[in-house]
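Hi,

Here is the structure I promised to pass on.

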There are 2 protein chains.
Amino acid sequence: MKALEVDNAQNIRTAFFISDGTAITAETLGRAILSQFASVPFETRVLPYVDNLERAEDAVVQINTAYQRDGLLPLVFDTIVSPEIREKINSAHSCNLDMYEGLIGRVAEETGVEPDGHSGHAHDNVDSETYKERIDAVHFALDNDDGARTRHYHAADIILIGVSRSGKTPTSLYLALQFGIRAANYPLTEEDLNDNQLPKALREHKHKLFGLIIDTDRLVKIRQERRAGSRYSSYQQCQQEQRAIQGIYTSQGIPSLDVSEMSVEEIATRILQMTGLKRRIG
Amino acid sequence: MKALEVDNAQNIRTAFFISDGTAITAETLGRAILSQFASVPFETRVLPYVDNLERAEDAVVQINTAYQRDGLLPLVFDTIVSPEIREKINSAHSCNLDMYEGLIGRVAEETGVEPDGHSGHAHDNVDSETYKERIDAVHFALDNDDGARTRHYHAADIILIGVSRSGKTPTSLYLALQFGIRAANYPLTEEDLNDNQLPKALREHKHKLFGLIIDTDRLVKIRQERRAGSRYSSYQQCQQEQRAIQGIYTSQGIPSLDVSEMSVEEIATRILQMTGLKRRIG
């Protein structure tokens, strides 16, 4: 039995995410599907911009090479629109998992409209409102990161608060890039927490505040990577800050979320769900 | 004929993106598919975290309400794993476009392994290397944005250069959040450009440089939104800077990309493709 396990462990299977565009769609859905098969050792390859027959031929060579090496049919997740390019990709020795064809066909049937046949997403170029909202939101997040400035809070959609290293900055940037939301963030320091009330700069924007919570063990771990052995990263200090900040959230009625186990994507989407905040793009 | 067109124009169809997790996968693929039907006026709704029967029932009510209002079957794109919840969602009056079931079934068949049945992605929590790489990359991008500091360039994976407002900052942040890549960025100013050579801080990192190009009309437009009527946003100034910077890219052999028509996602993925830079996460 042991020998068989070892043997299984070596059977790596290659999965390709192939697209005529960025391959973000193919990769996102493909990885979600692979995550349902945690016991299978996958090696993944992303092939974006396969938008002509020459690149498709190159992809076919890569797929066939993986097949020969693995001895297992590679999984090919693709979102290619052009029938010629798709046919070429399908000629490889693979288990082909077309993500578009079936779904596009069903939408065409239901709507009675033929698909346009263009590649990838509609361009989100610099002339579009979407592009502008997004870039403005990114610059807003940068300018208003880490409590650097508080005078633009009237223009913020949301102000994230939390102790140092609780995930405010990446969440603010993700909200900006993905949803065009203008997110400021403000770290509550030890002095703020000792006062047991909101700093003056935050008081008049109380309705925009959203609190992040992170459990003490994780906070200690993150802070120790930054400043090992310091008071800042000590268990006692982290615990005290956590307790104090949760007291403020409760007494001030500020909505909050325990982000200890969450990815940045999950924090951002949970915040939208909890606050009802509307995305400006997407 | 005119009357019919007007009538068609009013027939909005609602599309739902439903998931037991963030709904990012359902939304990404769903929007890509809808973009193939540009003539159909869709109204979209994202319903994340539909992870119990109560929330599923609420989703069903929303779908049925949309059906009654539109007079057209709503499109329901879902990535729900639980059979009970999926069955509930399927009970609504809708055109159901399940993204997972078919593909997961085919992968199970090909690998001979049963799917795990958990919801959404594996957690990318603060204990994981992925989380750490990502957060470190975000902080690196922030600390090294806009030429603020140059002393950490030895630790950069890539240094984006370009004129002011050519898209360096959002691209750096996207590379960090999506791929864990440490991207610094440095704006070449008029003085740098007049010298017709690279600033000293960049010279020793020439192999890490990547240049962004943006066409003059677009640059003028973007800069005018920032400082209308200024020399900075004048056509002549923008054109001069563009010509000078492209001269530097060419004479120094720096790879570059015209990003005028590109979304941030496309810029980032094209850069990976052109440079061969390896992502640190994903």
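Predicted model: local features only at pLDDT ≥ 70, side-chain atom pairs only at ≥ 80, totals over all residues.

Residues are numbered from 1 along each chain as its sequence is written, chains are lettered from A and ligands numbered from 1 in the order in which they are written, and side-chain values use heavy atoms, with hydrogens and water left out. Helices (H or I, at least four residues) and strands (E, at least two) are DSSP runs, numbered from the N terminus.

Back to Tyr249(B). With a relative accessible area of 2%, Tyr249(B) is buried (buried means under 20% relative accessible area, exposed over 50%, partly exposed in between, using a 1.4 Å probe and protein chains only). Leaving aside neighbours within four places in sequence, Tyr249(B) is in contact with several residues, including Ile161(B), Gly162(B), Leu212(B) and Ile254(B) (contact means heavy atoms within 4.5 Å). Phe210(B) is 39 residues away from Tyr249(B) along the chain, and their C-alpha atoms are separated by 8.7 Å. Helix α11 (235-252) of chain B is also what the buried residues of α10(B) pack against. Those buried residues in α10 (residues 216-226) are Thr216(B), Arg218(B), Leu219(B), Val220(B), Ile222(B) and Arg223(B).

Next, a helix pair in chain B. The axes of α6 (residues 129-143) and α7 (residues 168-179) come within 7 Å and cross at roughly 165 degrees (axes are lines fitted to C-alpha atoms, for helices over the stretch in contact, and angles run from 0 to 180 degrees between N-to-C directions).

What about α7(B) itself? Mostly covered: 11 of its 12 residues are buried. Thr171(B) is found in this helix, and is buried with a relative accessible area of 0%. Apart from neighbours within four places in sequence, Thr171(B) is in contact with Leu160(B), Leu212(B), Val264(B), Ile267(B), Ala268(B) and Ile271(B). Just after α7(B), Gly180(B) takes a positive phi of about 70 degrees.

Which residues have a positive phi although they are not glycines? One of them is Asp146(B), at about 60 degrees. Asp146(B) has its place in the loop between α6 and β5 (158-162) of chain B, and at 48% relative accessibility counts as partly exposed. Over in chain A, Asn196(A) is not a glycine either and has a positive phi of about 55 degrees. Asn196(A) is found in the loop between α8 (190-195) and α9 (200-203).

One last item is Gly102(B), which lies in helix α5 (residues 101-111) of chain B. Gly102(B) is partly exposed, with a relative accessible area of 48%. Gly102(B) and Asn144(B) are 42 residues apart in sequence and 45 Å apart in space, C-alpha to C-alpha.

Cheers
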